[in-house]
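Reader: I am new to this structure and would like to learn how to read its sheets and contacts. Please take one feature at a time.

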Amino acid sequence: MKSAIDIANDVRTGATTAVAEAERSLAAIRSRNEELNVFVHVDDEGALETAQRVDAQIARGEDPGALAGVPLALKDNLCHVGKLTTAGSRILEGWRSPYSATVVNLVLKAGAVPMGKTNMDEFAMGSSTETSYYGPTRNPLDPARVPGGSSGGSAAAVAADMTPIALGSDTGGSIRQPAALCGLVGVKPTYGLVSRFGLIAFASSLDQIGPFAKNVTDAALLLEVIAGHDPRDSTSLPEGAPSLVAGVDAGVAGKRIGLVRELLEGADDDVVAAVGRAREVLTEAGATVVDLSIPECRLGLSAYYLIAPAEASSNLARFDGVRYGLRVDADDVAAMNEATRTLGFGAEVKRRIMLGTYALSAGYYDAYYGQALKVRTQMINAFHRAYDQVDLLLGATAPSVAFKFGEKTSNPLAMYLSDVFTIPTNLAGDAAISVPFGRGEGDLPIGVQLLGPGRSEAQLFAAARVLEVEQTS
Amino acid sequence: MTLPDGWEMVVGLEVHTELKTTTKMFCGCANVFGAEPNTRVCAVCLGLPGSLPVLNVRAVELAMAIGSAVHSTISPSTFHRKNYFYPDMPKDFQISQYDLPINVGGYVDLPDGSRVSIERAHLEEDTGKSTHLGASGRIHGAERSLVDYNRSGVPLVEIVSGPDIRSSAQARLYASELRGILIATGASDGRMEEGSMRIDANVSVRHANEPFGTRCEIKNLNSLRSLGRAIDFEALRQIDLLNAGGVVRQETRHWDETLGATSTMRTKEEAEDYRYFREPDLVDLAPDLAWQERVRDGLGPMPAERRAALAARLNEPTSTQLDALQVVVDLGFDVLVAAALDADVDAGLVLARAANELAADAENIHSLTTDAFITTLLMEQNGELSATQAKTVLLELLAHGGDPRAIANAKGFEQLSADSLGDVVAALIQANPDEWSRFREGDEKLAQFFIGQVMKVTKGQANGKAVIAELNSRR
Amino acid sequence: MATPLRREDVAKVAKLARLSLSDEELDMFTEQLGQILEHANDIAALQLDDVVATAHPFGLINVMREDVLEPCLSRDDVLAMAPDSEDGRFAVPRIMGEAP
């Protein structure tokens, strides 16, 4: 499959057309979507219309932008005007957003061609895409296994060569973990680097939109397009978009990288071995890799599973049957709210809403939510201390390769543990990237995670590229 | 109203005022009253999935103006979410300031010399509006309700007073003074009838000098009259309850204007658990000193100062005139009134016309030039126009502007000549000999009788003062 | 250390969140949420009195917009999403009780 950069170049030079690329993408979707359940809404018509507009721009001698004619998949929690947007939930079945997310406007402005919406864990709550109301997504590399989650559909779209790039969202690992399980590059950008306007919120202080790609350069390209200040998001960082693609080959010579013991704890042997080889490769490339301990990471999971559900319990209150989405009729409005939410939300969403409601409720706030916010402070401070000593950190993305369906659905806590290495970055608000490196059980891909301080994306891409080059050479 | 012997009421007020911004608190939809339902809504104020709030700088500025005017300390503040389900609240939480409000402390001095402390004045967003369908048109017994979100997200400041108020009269005075201050800052139009200013009252009773009693919060006070009546009713209810050996339960009570009574809305046990937490979609607010100073410097004189300035120009003002002064200042007619006083119009006449005719159509005050106002009043004062005629001219000036003399001419408002007034009076004296003799014997009340008769005969074209002069000349 | 989660706590929380649970669900959620909270006791037990809570990873302040009109959505589009509407407004079954 051609990279996004190559497609954009070919479209710009006339070697191919946006319509041809969109048709190729639609054919790939048609051939495997039934089997894998990757897209919940395929937008044939819209995609071809957008592609025709891009080709018309080329014909007029205009440059459609850095993603000219590149087919792209959108996670179904990103609003796109007039298009179905369901966030994997029954409660939004059939809902068409009357407005577009800032990132959707940005990719369109750059000439990309959205092919439709990809499956996801309901409201992004999950690590396997098994909680979607629209059924689970299968891992294209082994359909008996999960693609990871919650952005499992976007990951699978790229892994199955349906689109070269995709957008997902990462609240506790929802881009990096499926990227690892599907053998892709996935990025959780610095909090505030990418606008959240139009992203259906899970946990507002943790959510970030980020790219999936087959290679580091495509991921950098997509992030470059979607990053930047947005006046519609109060938490958007004031600085402009960073330059990312230009520096992907900068290497790691002279960099100090810390291998974090806690980001390997409990990982399978094949995963630990892959990270060990990554250490060697980075060292050979001129970096100094040192062992580090950040004990606060062990508290991340608990803090996360109080903070994220607390925010979610409030963010999801609006799904009440009054203004949009599902309504289950009842005699009075409170009963209608209850009947609607009871039918409209799946078990995982209910679990987290109740957990969050409990953590915020009178008498428990201080012990749970208040305490979790303090742990968050400690986490931030711990990472600051680490970044005083080193430029980047290294660890595993997920404890194991892709697991089988149903393996963890009966035990929520076991499922939550799949995010144990990714959560600390979200709590700290920092940036991290998962890059495929080596293979493990069942010849399935392993993801290695590189972490950096806020706005360190360029360095992360350069380091990930070193691993990628070694991997493919 | 006086309470039974030994009892004292303790009242604190929460005054909510909508801010006069162009747009809503967190989005660019127009902040207007009376638009067609759901025509001033967007993704943000409808709480659509994925929408995010961005704070309106003007709302912050007006909140700071209010704080400055009530002597608050402008402080670093944060926004919280107050979580509860209600159909007129699109996100099912309200964004409000909680433990760190923008304005902390302060006070309002009242015309009676008392001072009411301010605990805080914080920013929050308004909700939409429900209409209840069904026989009664009220919430109880309604079959279904309809919701309009035009008001959703309109910026509000809630001003919370200390428990310093001791009578319904003082509560009304405080609310009225605060209303004047809000109007003077430009933050609010103070229209209680349109709901742009709404009041909740916390009422408890105690024996003088004893600790505070258990309080009840009364909602739905939509006028100063309701405020006074509700507080009195509630204080007496609590006293009766305590005198009968009962206890006051802490609860929220609803004021029913028609019944003239409060009733239980929600007990403390039924109170919502609001699960307040920091609004993660908004960042901290910390206006720097330079900005605070700019806001403070932009404030004009407050009503008390302006009333004093006008009152200083009156000779021993009557209580009617002082009441009129309050209206005049609240409506911002200071300059107009001062100019009329400069032109030697009688103070009583200026205040009466400003506080009545002009106040009744205050929205159109811009149609009335200072010259036209003064000319009309001087015509009345000189007897060229009767009071009724002068009022008609003023209303016409407010409605369409123009020249008072031309309006008077067009309406045929020619004052009766002295000769014809004399003829009318002579005829009335002849027709009413008893009244005339009692008047001659010094019963001054009968002057009003003759004025009334003259007005009837002349269809209001006579000037009252001229009639009295005519009567006196024939005594 | 917080007390273990009881069935009635879950029932209360479900009511607050406008969710209704069957008896079996109540049992299941009590057990599952109990496990998660037990895990969370590792932080509930920490001595963190001197630590400031972080609500935001970065300390941005004073992010505001100018008081300038922007286009609203069309009422037709807005009401087209509504499960029920009447007379230009969103229609809901009767409301029991005033807003708090």
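Author: We can begin with a pair of strands from two chains. S10 (residues 144-148) of chain B and S3(C) run antiparallel and are joined by four bridges. Helices (H or I, at least four residues) and strands (E, at least two) are DSSP runs, numbered from the N terminus. Two strands pair if DSSP finds at least two bridges between them. This is a predicted model, in which local features need pLDDT of at least 70 and side-chain atom pairs count only at pLDDT 80 or more, while totals for chains, interfaces and linings use all residues. Residues are numbered from 1 along each chain as its sequence is written, chains are lettered from A and ligands numbered from 1 in the order in which they are written, and side-chain values use heavy atoms, with hydrogens and water left out.

Reader: Which residue is the bridge partner of Leu146(B) in S3(C)?

Author: Strands of a sheet pair through backbone hydrogen bonds, either parallel or antiparallel. Here Leu146(B) has Ala91(C) as its partner, and Ser145(B) has Val92(C).

Reader: In what order do the four strands of this open sheet stand?

Author: The order is S9(B)-S10(B)-S3(C)-S2(C), with antiparallel pairing. Strand S9 (129-133) of chain B and strand S2 (85-86) of chain C are the edge strands, and each pairs on one side only.

Reader: How do I read the rest of the contact between these chains?

Author: Start with the residues. Contact means heavy atoms within 4.5 Å. On that rule, 37 residues of chain C touch 61 residues of chain B. The size of an interface is often given as the accessible area lost when the parts come together. Chain C and chain B bury about 4200 Å² between them, with 61% of it on carbon and sulfur atoms; buried area is the accessible area (1.4 Å probe) that two parts lose on being put together, summed over both.

Reader: How many salt bridges does the rule find across the interface of chain C and chain B?

Author: There are three. A salt bridge is a side-chain nitrogen of Lys or Arg within 4 Å of a carboxyl oxygen of Asp or Glu. One salt bridge links Arg144(B) with Asp84(C), whose closest N and O atoms are 2.8 Å apart. Strand S1 (64-65), helix H3 (75-80) and strand S3 (89-93) of chain C are the elements that give two or more residues to the side of chain C that touches chain B. S3(C) gives the most, five residues. By class, this side of chain C divides into 21 nonpolar, four polar and twelve charged residues. Ala, Val, Leu, Ile, Met, Phe, Trp, Tyr, Cys and Pro count as nonpolar, Asp, Glu, Lys and Arg as charged, and the others, Gly among them, as polar.

Reader: How many residues does the contact take from chain C and from chain A?

Author: It takes 54 from chain C and 64 from chain A. About 5200 Å² is buried between chain C and chain A, 69% of it on carbon and sulfur atoms. Helix H1 (7-16), helix H2 (23-44) and S3 of chain C each supply at least two residues of the side that touches chain A, and H2(C) has the largest share, 14 residues.

Reader: Why is one side of strand S1 (39-42) and of strand S8 (288-292) of chain A left without a neighbour in the sheet?

Author: The sheet is open, with eleven strands in the order S1-S3-S2-S4-S6-S5-S10-S11-S9-S7-S8 (chain A) and mixed pairing. S1 and S8 of chain A stand at the edges, each with a single partner strand, so one side of each has no neighbour in the sheet. Within the sheet, strand S2 (residues 71-75) and strand S4 (residues 165-170) of chain A pair in the parallel sense over three bridges, and Ala73(A) stands opposite Ala166(A) in S4(A).

Reader: What should I look for in the backbone itself?

Author: Most residues other than glycine have a negative phi, and most peptide bonds are trans. The peptide bond from Gly149(A) to Ser150(A) is cis, with omega near 10°. Ser150(A) lies in the loop between strand S3 (113-118) and helix H5 (152-159) of chain A. Asp161(A), a residue other than glycine, has a positive phi, near 55°, and its place is in the loop between H5 and S4 of chain A.
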